Amino acid sequence: MNRAIELLSSGQSTFGIFSHDRSLDNARLLSRSGLDFVLIDMEHGPLDVETLRTFLLGMTDKRRVLEKGNMQPDVTPIVRIAPNGRDQASFIAKQVLDVGAMGVMFPYINTKEEALQAVRSVRYPQKRGAPDFEPQGIRGSAPGNAVWLWGVSDYTDRADVWPLDPRGDLMAVIQIETAEAVKNVSEILSVPGISAIFVGPADLAMSLGGTGEAGAAELEAAIQTVLRACKAKNIPIGITTNAQTVERRIKEGFNFVTVSYGDGGITPATATALQLGRTAAGRR
């Protein structure tokens, strides 16, 4: 069901955007955009689950369902929620998953304990004896809208985090955005169930406090530290890019990148960045 997972599990790079616009028109445009995923931003956009539900339904492309012969969306919807790592995020993660999101992005994760709580928030409690019993999930069971939107009868089996559960169709994306998180990155990556890491350069730069060329060099050194750690663990890693930076980031090893914001569809500049990134990654 999750196309981003399908691509990442086969070793391919994936491309998406952040989007604040939850209009039906934007849902329709993004569903046929050629992107692999959309990060629906409820951290810096309205925290409105009802609007999110309408947007997710609007991304359902019935023509593509008919053409493909299955219910997999061409563009995977992942929601960035508002709470930071130290806030209680479980109830919001539960709500966005129950309306049909295929992943949750958790901003400002700084410690192993915060990452563990994030993963647990995405998972249902597992059956005794399951090989992936830990981390034990704390998500409550009431996925009526998600079952209907996904169009499957085995939602509970599919609704687990990849790659901890190889059959899982949900992603737990952890954002690294502070100097503390960079320092703790190895411990954070030790948490089972993390689907991808996403570096937030803007907040990371503010956390580091540098300015000018020296600040830029310090920021890049921190980014490279996170990149090396993820590559060593074979964990997908993302970062924001544009037409000027996407080729370099793909060649460095980033494989879960955004190529701009997507309010009102994608702009020509975004389309250019997407094409450059796909070419650099060896994708048509």
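How much space lies in the largest pocket? Hello everyone, let's start there. This is a predicted model, and in it the largest pocket holds about 310 Å³ of space. Its lining is made of 16 residues, and those closest to its centre are Gln126, Lys127, Thr156, Asp157 and Arg167. If you sort that lining by class, you get 7 nonpolar, 3 polar and 6 charged residues.

Now move over to the second largest pocket, which contains about 250 Å³ of space. Here 15 residues form the lining, and the ones closest to the centre are Lys233, Asn234, Ile235, Pro236 and Asn255. Which helix gives the most to this lining? That is helix H12, residues 212–233, with 3 residues. By class, the lining of the second largest pocket divides into 10 nonpolar, 3 polar and 2 charged residues.

Let's go from pockets to cavities. Rolling a probe the size of a water molecule over the atoms shows where empty space is left. How many cavities of 30 Å³ or more does the count give? The count comes to 1, and the volume of the largest cavity is about 240 Å³. Of the 18 residues lining the largest cavity, Met59, Thr60, Asp61, Met71 and Pro73 are the closest to its centre. Two helices, H4 (62–68) and H7 (144–150), each supply at least two residues of that lining. Its classes are 11 nonpolar, 4 polar and 3 charged.

Next, a word on the chain as annotated. UniProt, in an unreviewed entry, lists residues 16–260 as "domain: HpcH/HpaI aldolase/citrate lyase". Over those residues 16–260, the chain is 42% helix and 15% strand. The end C-alpha atoms of that stretch are 8 Å apart.

With helices in mind, let's see how some of them pack. Two packed helices are described by the angle between their axes and the distance between the axes. Take helix H2, residues 24–31, and helix H3, residues 49–58: their axes come within 8 Å and cross at roughly 40°. That angle makes H2 oblique to H3, and the crossing of the two is right-handed.

Helix H11, residues 201–208, packs with H12 at an angle of about 120°, and their axes are 10 Å apart. Are H11 and H12 parallel or oblique to each other? They are oblique, and their crossing is right-handed.

Last, some details of the backbone. Most residues other than glycine have a negative phi, and most peptide bonds are trans. Another cis peptide bond joins Trp162 and Pro163, where omega is about 5°. You will find Pro163 in the loop between helix H8 (155–158) and strand E5 (171–176).

And which phi value does Tyr108 have? It is near 55°, a positive value in a residue other than glycine. Tyr108 has its place in the loop between strand E4 (103–106) and H6.

How values were computed: Residues numbered from 1 in each chain as written. Predicted model: local features only at pLDDT ≥ 70, side-chain atom pairs only at ≥ 80, totals over all residues. Heavy atoms only, no water. 1 Å grid on protein atoms, 1.4 Å probe; cavity = no way out; pocket = protein on both sides within 12 Å on 5 of 7 lines; lining within 4 Å. Points joined across faces, edges and corners; volume = space filled by probe spheres on them. Helix = DSSP H or I, 4+ residues; strand = E, 2+ residues; numbered from the N terminus. Nonpolar A, V, L, I, M, F, W, Y, C, P; charged D, E, K, R; others polar. UniProt positions renumbered as here; feature names shortened; annotations may be inferred. Axes fitted to C-alpha atoms, helices over the stretch in contact; angles between N-to-C directions. Parallel < 35°, antiparallel > 145°, perpendicular 65-115°, else oblique. Left-handed = near helix turned anticlockwise from the far one by under 90°.
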